[in-house]
Structure formats: structure tokens, C-alpha cells
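These are my notebook entries on one chain, written in the order in which I looked things up. The structure comes first and the entries follow.

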Amino acid sequence: MSHAASKNLSLTLKIWRQAGPKQPGSLKTYNVSGISTDMSFLEMLDVLNEQLIAKGEEPVAFDHDCREGICGACGVVINGQAHGPDSGTTTCQLHMRRFQDGDTIVIEPWLAKAFPIVRDLVVDRSAFDRVIQAGGYVSVNTGNAPEANTTLVPHHVQQAAMGAAACIGCGACVASCKNASAMLFVSAKVSHLANVPQGQGERSKRVLKMVAAMDAEQFGNCTNTAECEAACPAGITLSNIAQLNREYMKAVMCSKE
């Protein structure tokens with residue numbers, strides 16, 4: 001199999017710089033060169049930071065962890081799109097071959113009231129953690145471990161649960177929504193456990209508490225524009241939001257919680 005030869009890019013970067021949560025922020029322009037098209041987007045930022053450190057300047061702060069697209073830690077708005085121009089791709093998995101020599105790239109943090117800026121491109125996404133905590137845990141029966149396949153789950157139900165479980169909690173759905181809605185994230189977490197037998201005991205209580213926590217964190221309402229689905233790197237679909245609405249209405253009308 002042949003591969004296109006790598007080449008080096010010279011780029012103009014316009015990056016949001018903000019020294020702290022209460023400090024004023026602005027876009028600052030940097031020029032970088034020698035960027036291989038084989039590099040990831042975060043590796044390109046590493047190169048920039050090495051250049052800034054060599055000049056005695058403060059490096060750009062940005063979140064990252066696994067760099068394999070599964071942890072949800074990375075995430076910036078690239079030229080107006082959460083995680084950049086490729087669909088189903090996290091920022092750490094976005095390669096510089098997607099850009100052209102001489103391009104200007106605007107890099108901003110997730111912008112949402114519920115995600116306050118910590119520094120530069122780093123935002124505080126602990127609101128997601130508090131929503132998850134509000135949902136609580138699933139019940140686990142005591143006794144010996146059950147035999148494998150004791151609880152049969154239809155294939156299509158398994159697929160729905162696994163599809164929802166793919167959410168990595170990166171926050172791209174919030175960043176791409178004009179209302180900063182977290183409904184795609186919350187719906188994935190609610191749908192995952194609502195679709196498996198182990199999640200039935202707390203089904204009503206879970207959706208009521210998670211929606212209440214979502215509202216308390218001041219996330220906006222769903223805009224029905226599907227920008228969240230388009231920006232999600234894990235392929236979470238709007239069908240989960242439909243299920244969240246059904247689960248919530250059922251809990252409000254029928255639950256004794």
C-alpha cells in the first residue's frame with residue numbers, strides 16, 4: 001500500500017490566551033513552521049510550546065491525556081468546529097494533513113457557561129462529573145457471581161446500550177450547541193443504563209436526578225439543530241435524546257421517586 005509523502009507546513013495560529021478564570025482573554029497570533037503533515041493536532045501544539053519555552057514565553061495550556069481518542073480529555077474549537085473539521089474524530093486524533101501550507105487556524109476553548117475557562121484552552125468540565133454523580137450507581141445483587149449469559153439481552157438492545165456507552169464525555173456536544181446544551185451527553189448516560197437489566201432498579205430516580213443536575217449546572221436546552229451529533233467524536237446519536245425525553249416523561253408521570 002502506498003502512502004502520500006509527508007511534507008512540512010508553515011501555519012499562522014490564532015490562539016485564545018487567558019491567564020486565569022477572572023483575567024481578560026484574547027486571540028494571540030503565532031507563526032509556526034516545520035509542522036509535519038504526519039503530526040497530530042496536539043503534537044503541533046507541542047511544537048509551538050517548545051518554541052515558546054525556548055523564547056522564554058509562557059506555553060499554551062491545553063487539556064490532553066490518552067491521545068488515542070478514548071479519554072475525552074482533549075477538546076478545542078478549531079476554526080469554529082468542536083474537535084476540528086473531521087467527523088468522528090477527537091482533537092488528538094486529528095492530523096495536520098487535514099490542513100494546507102499557509103493556512104490560518106483559529107483555536108478556542110469550549111465556550112459554555114457551565115464550562116468556565118481555567119487557563120488558555122483549558123476549561124473546567126467537572127459539571128459533567130456532578131451530573132454523573134447525581135445519577136448514582138446501579139444495584140448489585142449479593143451472593144455468588146451469576147453464570148455467564150444468565151440474563152439474556154436482545155441483540156438490538158445490547159447495541160443501543162453499547163452505542164450510548166461510547167460517550168467519552170469530552171464536551172464537544174456542549175461546545176457545538178448555540179445553547180450550550182448537555183442533552184446529548186446526559187441522554188447517552190441515561191440511555192446506557194436504561195437499556196440494560198442492571199440499570200432498571202434506579203431507572204426513574206436516575207433520570208430525574210441527572211436532569212435536575214444538568215439544569216442546576218446551567219446547561220441550556222436542546223436546540224434540535226443536531227450540531228451536537230455532528231460534532232460528537234464517538235458517534236452518539238440524537239435517538240438518545242429522544243429516549244431521554246421518554247424516560248423523563250415516564251418518570252415524572254409514573255414514578256413514585
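I began with charge and counted 22 positive and 24 negative side chains in the chain, with the centres of the two sets 7 Å apart. For this count Lys and Arg are positive and Asp and Glu negative, while His and the chain ends are not counted; I placed each charge at NZ of Lys, CZ of Arg, CG of Asp or CD of Glu.

The model is a predicted one, in which local features need pLDDT of at least 70 and side-chain atom pairs count only at pLDDT 80 or more, whereas totals for chains, interfaces and linings use all residues. Residues are numbered from 1 along each chain as its sequence is written, and side-chain values use heavy atoms, with hydrogens and water left out.

**Entry: overall dimensions and surface**

I looked up the extent of the C-alpha trace, which spans about 60 × 50 × 35 Å along its principal axes. The chain exposes about 13,800 Å², of which carbon and sulfur atoms supply 50%; the areas come from the Shrake-Rupley method with a 1.4 Å probe, and for residues only the protein chains shown count as cover. Of the 257 residues, 42% count as buried, where buried means under 20% relative accessible area, exposed over 50%, and partly exposed in between. I also checked contacts (heavy atoms within 4.5 Å): among those between residues at least 6 apart in sequence, 69% join residues at least 24 apart.

**Entry: the sheet**

In what order do the strands of the open sheet lie? I read the order as β2-β1-β5-β3-β4, five strands with mixed pairing, two strands being paired if DSSP finds at least two bridges between them. β2 and β4 (81–82) stand at the edges with a single partner strand each, so one side of each is left without a neighbour in the sheet.

I then followed β1 to its partners. Strand β1 (residues 8–18) runs antiparallel to strand β2 (residues 25–36) and is joined to it by 10 bridges, with a hairpin of six residues leading from β1 to β2. Along this pair I found T12 opposite N31 and W16 opposite L27. With strand β5 (residues 104–108), β1 pairs in the parallel sense over four bridges, and there L13 stands opposite I105.

**Entry: cysteines**

A search of the whole structure finds zero disulfides, a disulfide being a pair of cysteine sulfur atoms within 2.5 Å.

**Entry: F62**

I found F62 in the loop between α1 (41–54) and β3 (77–78), where it is buried with a relative accessible area of 12%. Leaving out residues up to four places away in sequence, F62 touches L42, L45, D46, N49, R67, L121 and V122. I also noted the separation of F62 and G163, which are 101 residues apart in sequence and 28 Å apart in space, C-alpha to C-alpha.

**Entry: positive phi angles**

Is D120, in its loop, buried or exposed? D120 lies between β6 (117–119) and β7 (122–123) and counts as buried, at 2% relative accessibility; its phi is positive, about 45 degrees, although it is not a glycine. Q218, also not a glycine, has a positive phi of about 70 degrees. I located Q218 in the loop between α6 (203–216) and α7 (227–231), and at 47% relative accessibility Q218 counts as partly exposed.

How values were computed
Helices (H or I, at least four residues) and strands (E, at least two) are DSSP runs, numbered from the N terminus. Buried means under 20% relative accessible area, exposed over 50%, partly exposed in between (1.4 Å probe, protein chains only).
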